[in-house]
Amino acid sequence: MVSKTAIDLPNGRYCALTTAYSGVIDVKSIDIVNSRSGYSDGCLSIHVSGDAGKVASSCMEFGKNRVRTYAYADFGGGLERAGRFPQEGNGEVSVTVVIEANVPDSTMARAAITANEGITAAMQDLRLRYGGLNASGMVRQDVTIVCNRVSGVSVRGAGNHSKMGELIGASVIDAVKASAQKNGFDIKDSTTVTKMMKDFGYKNVPDIQNCIDTDSKTIATVSSVMHIVDCIRWGLIPEEEGAAAGRDILRSCFGYEGNGQTLSEALADAVAYRISRSQ
């Protein structure tokens, strides 16, 4: 296990806005460590619980705009969704964004919001769900924004409408996904029928044979109907029309003719029917 990953700070006068400390602080060095967080004499240590060697980085540039992001991402538990009680577990995400420009404090704060949005986007891309809903963050989630006060480049915008915000968001997504992979996350493990149904909120998932669990057509069918169920929940599709479309998919792909159920119930029964036909 690697105990420390150092973040390169070239010549300049850097400052940081971090969730670990109040206000903007001057920094001479930044290390991501699996020991305690700390700040002394301009040296900032950012704590992660796991192997600091599994930090991933991403650099994005456009013209004179340059952003470097360092991320540690462990999605092995502790998922959160705004407005819901979090999942159990000790997973975490820590992101440090180095902006090679002079930005005011207010822009650093906006950059932190953009970085958090990037974390949520990465989690959505990785299909992270619990309790039947998409996760939007982690129980332990830290963001640090760093800028160079003596850079010849000045930036005032860091929202998603700006080029700097675009670079921040894209680099955060890349770094978070890369670190998650280093920590053992594989998107293919999230797209088995068993995992999809458990993440969707089904309590009693039947024993699914491996040939069905990883069958591409079965996965595509289940995923399509789940998305229709989500759209009904979100109010994007009227329930009657959405249920009819979902049942048409189950009939066409699985040969399932169930009636009189909610679409969510029909999906569970259709998967069980698909299993019984394969035996």
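Reader: Okay, how many helices and strands does the protein have?
Author: There are seven helices and 14 strands in the protein. Keep in mind that this is a predicted model.

Reader: And what does the C-alpha trace span along its principal axes?
Author: About 70 × 40 × 30 Å.

Reader: What share of the residues is buried?
Author: Of the 279 residues, 48% are buried.

Reader: Let's talk sheets. What's the strand order in the open sheet of six?
Author: The order is E3-E2-E14-E10-E8-E7, and the pairing is mixed.

Reader: Which ones are the edge strands?
Author: Strand E3 (24-27) and strand E7 (56-62). Each of them pairs on one side only.

Reader: How much does the twist average from one strand to the next?
Author: The average is 20°.

Reader: Zoom in on E2 and E14 for me. Do they run parallel or antiparallel?
Author: Antiparallel: E2 (residues 14-18) and E14 (residues 140-148) are joined by five bridges. In that pairing, tyrosine 14 sits opposite asparagine 148 of E14.

Reader: Which strands does helix H1 touch?
Author: H1 covers residues 105-125 and packs on the sheet, where it touches E2, E3, E10 (92-99) and E14. The direction of H1 makes about 140° with that of E14.

Reader: And what about H2, which strands does that one touch?
Author: Helix H2 (residues 163-182) also packs on the sheet, and its contacts are with E7, E8 (65-74) and E10. Its direction is at about 30° to that of E8.

Reader: Switching topic: at what angle do H6 and H7 pack?
Author: H6 (residues 239-254) and H7 (residues 263-278) pack at about 5°, with axes 10 Å apart. So H6 is roughly parallel to H7.

Reader: Which residues make that contact?
Author: From H6, they include Gly242, Ala243, Gly246 and Leu250. From H7, Leu263, Ala266, Tyr273 and Arg277 are among them.

Reader: How do the residues of that contact divide into nonpolar, polar and charged?
Author: Nine are nonpolar, two are polar and three are charged.

Reader: Last one! Of the contacts with a separation of 6 or more, what share comes from residues 24 or more positions apart?
Author: Those residues account for 67% of such contacts in the protein.

Technical notes
Residues are numbered from 1 along each chain as its sequence is written. This is a predicted model: local features need pLDDT of at least 70, side-chain atom pairs count only at pLDDT 80 or more; totals for chains, interfaces and linings use all residues. Side-chain values use heavy atoms; hydrogens and water are left out. Axes are lines fitted to C-alpha atoms, for helices over the stretch in contact, and angles run from 0 to 180 degrees between N-to-C directions. Helices (H or I, at least four residues) and strands (E, at least two) are DSSP runs, numbered from the N terminus. Angles under 35 degrees count as roughly parallel, over 145 as roughly antiparallel, 65 to 115 as roughly perpendicular and the rest as oblique. Contact means heavy atoms within 4.5 Å. Ala, Val, Leu, Ile, Met, Phe, Trp, Tyr, Cys and Pro count as nonpolar, Asp, Glu, Lys and Arg as charged, and the others, Gly among them, as polar. Two strands pair if DSSP finds at least two bridges between them. Buried means under 20% relative accessible area, exposed over 50%, partly exposed in between (1.4 Å probe, protein chains only).
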